[in-house]
Amino acid sequence: MADTIAMNASDFIITSTYQEIAGSKDKPGQYESHATFTLPGLCRVVSGINIFDPKFNIAAPGADQSVYFPYTEKDKRLTQFHPAIEDLLYSKVDNKDHIGYLENRRKPIIFSMARLDVVKNIIGLVEWYGKHPRLRGLVNLVIVGGLFDPLKSKDREEMTEIRKMHDLMEKYQLKGQFRWIVAKTDRHRNREVYRFVADTKGAFVQSALYEAFGLTVIEAMNYGLPTFATNHGGPAEIIVDGVSGFHIDPLNGEESSNKIANFFEKCKVDSTHWNMISVSGLQRINER
């Protein structure tokens with residue numbers, strides 16, 4: 001076939017939205033040149049996309065700071081949501097909105113909000129927490145994402161992750177230290193949840209196996225919430241490790257759990273440490 005069919009680059013278009021998957025040996029960008037694309041024995045493209053063409057310039061998404069404002073701006077806080085958020089986080093009743101409960105309200109909350117799919121690694125975070133007694137002694141864990149009943153999901157991957165979540169709750173006996181809240185669509189209330197977590201002197205954890213950009217990381221930092229985020233992808237550039245937040249390795253749960261636990265232990269000894277990271281995160285967003 002390669003000997004008898006002639007093709008010109010103008011005859012077809014090849015494009016790619018490939019993004020790196022954790023563990024892959026190849027690390028191409030989202031847009032890559034196909035000027036030397038080859039299918040051995042079938043065809044060879046001799047011209048293609050110029051990735052330096054201005055039409056491929058990308059304006060990364062940002063966060064509107066009139067909406068994503070720090071927890072310290074008390075006069076702008078959405079206090080009308082506070083009773084509902086209080087119930088969402090701390091009531092001891094399992095219902096259609098939340099299961100599990102937080103026994104000790106004096107403990108800070110580590111918090112994550114994401115889809116229940118494999119790449120977001122929410123299940124990984126819950127397992128890190130479950131098997132780490134020191135971390136469990138220091139903080140509560142709150143997850144917002146997915147559904148509780150796998151049969152109500154239309155996504156096979158999410159169904160599997162939902163079942164894993166229930167299994168982990170049972171395996172590590174998480175009730176009393178863990179709250180799972182079904183995915184919420186009320187954006188205004190969701191934003192105030194982040195600030196409510198900041199009130200507890202907690203942190204946001206983004207444990208994805210890979211994150212192309214990391215908008216939730218920017219949002220969390222805008223709220224003044226110390227943030228731990230994956231070192232695979234965009235968050236590694238958003239955060240200066242140990243200064244404006246922390247990098248964590250999603251493939252090393254023990255190391256990541258220790259890093260989170262060390263932060264909260266230091267906060268107990270030094271009452272200024274939490275505020276220092278919170279303020280540095282805000283400065284990083286404002287500068288960049």
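Residues 24 or more positions apart account for 65% of those contacts in the protein chain that have a separation of 6 or more. The model is predicted. Of its 288 residues, 48% count as buried, and the secondary structure comes to nine helices and nine strands.

**Sheet**

Seven of the strands form an open sheet with mixed pairing, in the order β3-β6-β5-β4-β7-β8-β9. The edges are held by β3 (98-102) and β9 (246-248); each has a single partner strand, so one side of each is left without a neighbour in the sheet. Direction ignored, neighbouring strands of this sheet are turned against each other by 20 degrees on average. Strands of a sheet pair through backbone hydrogen bonds, either parallel or antiparallel. Strand β5 (residues 140-144) and strand β6 (residues 177-181) run parallel and are joined by four bridges. V142 has R179 in β6 as its bridge partner.

**Aromatic rings**

The structure holds eleven aromatic pairs.

Two arginines lie over ring faces. R105 is placed over the face of Y90, at 4.2 Å from the ring centre. R195 is placed over the face of F69, at 3.7 Å from the ring centre.

**Two buried serines**

S244 sits in the loop between α7 (235-238) and β9. Its relative accessibility is 3%, under the 20% limit, so S244 counts as buried. The side chain of S244 reaches the backbone nitrogen of V240 at 2.9 Å. Apart from neighbours within four places in sequence, S244 is in contact with M221, I238, I239, I277, S280, G281 and R284.

S278 is found in helix α9 (residues 273-287). With 5% relative accessibility, S278 also counts as buried. Neighbours within four places in sequence aside, the contacts of S278 are Y71, G224 and P226.

**Positive phi in loops**

Q173 and K201 have positive phi values, Q173 at about 50 degrees although it is not a glycine, and K201 near 60 degrees, again in a residue other than glycine. Q173 lies in the loop between α4 (156-171) and β6, while K201 is found in the loop between α5 and β7. At 52% relative accessibility Q173 counts as exposed, whereas K201, with a relative accessible area of 33%, is partly exposed.

| Residue | Relative accessibility | Class |
|---|---|---|
| S244 | 3% | buried |
| S278 | 5% | buried |
| K201 | 33% | partly exposed |
| Q173 | 52% | exposed |

Note on methods. Residues numbered from 1 in each chain as written. Predicted model: local features only at pLDDT ≥ 70, side-chain atom pairs only at ≥ 80, totals over all residues. Heavy atoms only, no water. Pairing = 2+ DSSP bridges. Axes fitted to C-alpha atoms, helices over the stretch in contact; angles between N-to-C directions. Phe/Tyr/Trp six-rings, centres within 6.5 Å; stacked < 30°, edge-to-face > 60°. Lys NZ or Arg CZ within 6 Å of the ring centre and 35° of its normal. Buried < 20%, exposed > 50% of the residue type's maximum accessible area, 1.4 Å probe, protein only. Polar contact = N/O pair within 3.5 Å; in protein donor to acceptor, adjacent residues only side chain to side chain. Contact = heavy atoms within 4.5 Å.
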